[in-house]
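Let's go through this one by question and answer, strand by strand and helix by helix. Have the viewer open while you read.

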Amino acid sequence: MPGLVFFSSASGNTLRFVTRLEEVSAGRYGTALRIPISPQDPMPDPGGDFVLICPTFADGEGRGAVPKQVIRFLNDPDRRAGLRGVIAGGNRNFGQTYALAGRVIASKCNVPVLYSFELAGTETDIARVRRGLDLFWGMECSTMA
Amino acid sequence: MRGAFAVKDHVVPKTILKAINWNRLQDDKDLEVWNRLTVNFWLPEKVPLSNDVQSWSTLRPEERELTIRVFTGLTLLDTVQSSVGAISLMPDVVTQHEEACLTNIAFMESVHARSYSSIFSTLCSTKEIDDAFRWSEENPHLQAKARIILEKYKAGEDPLKRKIASVFLESFLFYSGFYLPMYWSSRAKLTNTADLIRLIIRDEAVHGYYIGYKYQRGLEKLTEAKREELKDFAFALMFDLYEIEQRYTEELYDGIGLTEDVKAFLHYNANKALQNLGYEALFPPSVCEVNPAILAALSPDSENHDFFSGSGSSYVIGKAVATEDEDWDF
């Protein structure tokens, strides 16, 4: 079964999003794997296809949008090969760089941005992503078959 | 008493003064936020406000009056946050780096307050400006919200309650005002002024995020009972502020028929302010449906990606985005 991989900084917004998504998905995607905050900790191994959920940390010019630890995770070709899509967190108050991490990862890895949400997401976001992931994995499986 | 002092008991123990060492961090978030704050530094002079003179003249007199009033209201909040708010948080800091970030926040709030006067001097007459500042001193709702926040900032209040008040000011109370330049911008009016306001909005987002983050770190050290008490306090304060914001919004926006639109924006921002503190939403999605034109004005050129619903252009990827980070290996 395809999985979820996510990064969340110490502020915990993305973690709260993922926790609520897991609650409403009744474990359909297994346990979401967390990319560690500290570079000293080992990277998780998704061991197959996954969707990445990643917050945005861009400055006013868009630099530094993707957290360093996420870049390190994706630098590994084996892990990167399983990436099917990206869901990005952000805050519209940052204007043009809102959820920019999703667009950067999408263009680097040639996968679609599936969704973007603000901070820890709303009920509406959670419902849309849950439904969307079910459809998306259905679609991916039928094109693979 | 420690041994050294027992021997030389006439020696008064001195506090050791510590120089800030940015190469030894207790909390990585401090450096991350410091970098963000300093890279995002700006001054109003960089925005060509005079290009809005023509557009300003197309507004009706009551629209101009509303706009100046909204901006004096925002000036008052920035003044409070700069001269009292950010500084009141300094005695509560856990790290010296946090204190340094707060000095930046206090200064930028002064830049924001100063910016509104740049807008005024570019667009308005002295009489219009003086009238609006008088209005800001006499408007009961504006005075009430500033006063509630100032009360929480007082010495002797709980340090975490100060942070709650600060996050609500930064992430909620400004938005009845920010709505208007976003509205004008969505109608292609005062677009340079809107550019300046977007810089302020960006700064407030970092401030609310950071102070909210420090609040959550503070909560971790408390008992469950104390955490519950603070959560109750936060929601009660949000209700009180929301009551005032409703009345303030009605008074300002009833005249041009935008009150309901502004209220949706208030609900949406109240929820985001609570998220900055780590809490769940207060207002249900049905009352948070912000006018899409306002959302687009907030974050131009960044469509809301919803690949799942088949709307938008999410598969169009790879247009000019900053992928030039030396850490990428591929």
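**Sheet, helices and interface**

Q: In β5(A), which residue is the bridge partner of A:G89?
A: This is a predicted model, so read every pairing here as computed. β4(A) and β5(A) run parallel and are joined by five bridges. In one pairing across to β5(A), A:G89 has as its bridge partner A:F117.

Q: What is the strand order of the open sheet in chain A?
A: β5 (113–118) sits at one edge of this sheet and β2 (33–35) at the other edge, each pairing on one side only. Neighbouring strands are turned by 20 degrees against each other on average, direction ignored. The pairing is parallel, and the five strands come in the order β2-β1-β3-β4-β5.

Q: Which residue in β4(A) stands opposite A:V51?
A: Strand β3 (50–54) of chain A pairs with strand β4 (83–90) of chain A in the parallel sense, over five bridges. A:F50 has A:L83 as its bridge partner in β4(A). For A:V51, the residue standing opposite in β4(A) is A:G85.

Q: How many of the residues of β4(A) are buried?
A: Being buried takes 20 or more other C-beta atoms within 10 Å of a residue's own. By that count β4(A) is mostly covered, and out of its eight residues the buried ones number seven.

Q: What angle does the direction of helix α2 of chain A make with that of β2(A)?
A: Helix α2 (68–75) of chain A packs on the sheet.

Q: Is A:L119 buried or exposed?
A: Look in the loop between β5 and α5 (123–144) of chain A, where A:L119 has its place. A:L119 is not a glycine, yet its phi is positive, at about 50 degrees. Because there are 28 C-beta neighbours inside 10 Å, A:L119 counts as buried.

Q: What share of the residues of chain B count as buried?
A: The C-alpha trace of chain B spans about 80 × 60 × 40 Å along its principal axes. Of its contacts between residues at least 6 apart in sequence, 76% join residues at least 24 apart. Chain B has 330 residues, and the share that count as buried is 41%.

Q: Is α4(B) roughly parallel or roughly antiparallel to α5(B)?
A: The axes of α4(B) and helix α5 (96–123) of chain B come within 8 Å, in a crossing of roughly 160 degrees. Angles over 145 degrees count as roughly antiparallel. So the relation of α4(B) to α5(B) is roughly antiparallel.

Q: How many nonpolar residues does the contact of α4(B) with α5(B) have?
A: The crossing of these two helices is left-handed. Among the residues making the contact are B:F71 and B:L74 of α4(B), and B:I105 and B:Y116 of α5(B). By class, six are polar, two are charged, and the nonpolar ones number twelve.

Q: What hand does the crossing of α4(B) with α6(B) have?
A: Helix α4 (61–88) and helix α6 (126–138) of chain B pack at about 55 degrees, with axes 9 Å apart. That angle makes α4(B) oblique to α6(B). Residues in the contact include B:L76 of α4(B) and B:W135 of α6(B). As for the hand, α4(B) passes α6(B) in a crossing that is right-handed.

Q: Which helix gives the most to the side of chain B that touches chain A?
A: Between the chains, 40 residues of chain B are in contact with 46 residues of chain A. Helices of chain B that each supply at least two residues to this side are α2 (28–39), α10 (191–219), α12 (259–276) and α13 (292–298). By class, the side has 18 nonpolar, eleven polar and eleven charged residues. With seven residues, the helix that gives the most is α10(B).

Q: Where is B:L190 placed?
A: B:L190 has a positive phi of about 45 degrees, although it is not a glycine. With 25 C-beta neighbours inside 10 Å, B:L190 counts as buried. Its place is in the loop between α9 (175–186) and α10 of chain B.

Definitions and conventions. Residues numbered from 1 in each chain as written. Chains lettered and ligands numbered in written order. Predicted model: local features only at pLDDT ≥ 70, side-chain atom pairs only at ≥ 80, totals over all residues. Axes fitted to C-alpha atoms, helices over the stretch in contact; angles between N-to-C directions. Helix = DSSP H or I, 4+ residues; strand = E, 2+ residues; numbered from the N terminus. Parallel < 35°, antiparallel > 145°, perpendicular 65-115°, else oblique. Left-handed = near helix turned anticlockwise from the far one by under 90°. Contact = placed C-beta atoms within 7 Å. Nonpolar A, V, L, I, M, F, W, Y, C, P; charged D, E, K, R; others polar. Pairing = 2+ DSSP bridges. Buried ≥ 20, exposed ≤ 12 C-beta atoms within 10 Å, placed from the backbone.
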